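Please look over the sequence and the coordinates before reading on.

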Amino acid sequence: MDKDNKIRLVTIDDIEVLSIFAKNTFCETYIKNLDEDKMTKYCELHFSPFNLANLIKTQATYFPLIFDNKNLIGYAQISFTKKPSQLIAEQSLQIDKLYISKSTQGKGVGSKLLHYIENFANKKGVFTIWMKVWEKNPNGERFYKKFGYRKIDNISFDFVGDKLNDHLL
């Protein structure tokens, strides 16, 4: 990984770039397993500049961005939200999304971003981090398992009218 990689939290000025990057990486990750029309609908709703700006304005949602020089190569969406009942800890942080550009996967970018998130949570006094990984995303689950995260349950979710299954880690 390049020593010039920098991680910082998103600002309103980053919204357009984040929106495009989020849509592209989501599609790259799931295009083989999901209906294209439903993916488009999901992306329009969840990754629109309007929706991202609203999330940024909340006090509980953060977007760390990682850059190679000035190019966005990865991002995460993390939030201090209601935890699933399977977790015992009172306070927790959810990794809602963590995506790295395909060209930088396997080069330590995701690891650096995950370590940033863990340190971010710890500085806020939160030591329980959890995430949901779609059952058809074995690469994502393998990534988290490398860092000690383990599957604790299966949960279903609605994806544009389809019931899909996540692994709760």
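How do the residues of the lining of the largest pocket divide into nonpolar, polar and charged? They divide into 19 nonpolar, 15 polar and twelve charged. Here Ala, Val, Leu, Ile, Met, Phe, Trp, Tyr, Cys and Pro count as nonpolar, Asp, Glu, Lys and Arg as charged, and the others, Gly among them, as polar.

The model is predicted: local features need pLDDT of at least 70, side-chain atom pairs count only at pLDDT 80 or more, and totals for chains, interfaces and linings use all residues. Residues are numbered from 1 along each chain as its sequence is written, and side-chain values use heavy atoms, with hydrogens and water left out.

The largest pocket holds about 1,300 Å³ of space. A pocket is an open set of points, on a 1 Å grid over the protein atoms alone, where a 1.4 Å probe fits, with protein on both sides within 12 Å along at least five of seven lines; lining residues have an atom within 4 Å of a point. The volume is the space filled by probe spheres set on the points, which are joined across faces, edges and corners. Of the 46 lining residues, Thr 29, Tyr 30, Leu 98, Tyr 99 and Asn 137 lie nearest the centre of the pocket.

Tyr 30 and Tyr 99 also belong to one aromatic cluster, which includes Phe 21, Phe 26 and Phe 47. Rings of Phe, Tyr and Trp (its six-membered ring) pair if their centres lie within 6.5 Å; planes under 30 degrees apart count as stacked, over 60 as edge-to-face and the rest as tilted. The count comes to 18 aromatic pairs. Phe 26 and Phe 47 form a tilted pair, because their ring centres are 5.6 Å apart and their planes stand at 55°. Phe 26 lies in helix H1 and Phe 47 in the loop between helices H2 and H3, 21 residues apart.

Helices (H or I, at least four residues) and strands (E, at least two) are DSSP runs, numbered from the N terminus. The expected span of a helix is 1.5 Å times one less than its number of residues.

| Helix | Length | Span, first to last C-alpha | Expected span |
|---|---|---|---|
| H1 | 16 residues | 22 Å | 22 Å |
| H4 | 15 residues | 21 Å | 21 Å |

Buried residues of H1 include Phe 21 and Thr 25. Ser 101, in the loop between E5 and H4, is in contact (heavy atoms within 4.5 Å) with Phe 21, Thr 25 and Ile 73, leaving aside neighbours within four places in sequence. Ser 101 counts as buried because its relative accessibility is 11%.

Definitions and conventions
Buried means under 20% relative accessible area, exposed over 50%, partly exposed in between (1.4 Å probe, protein chains only).
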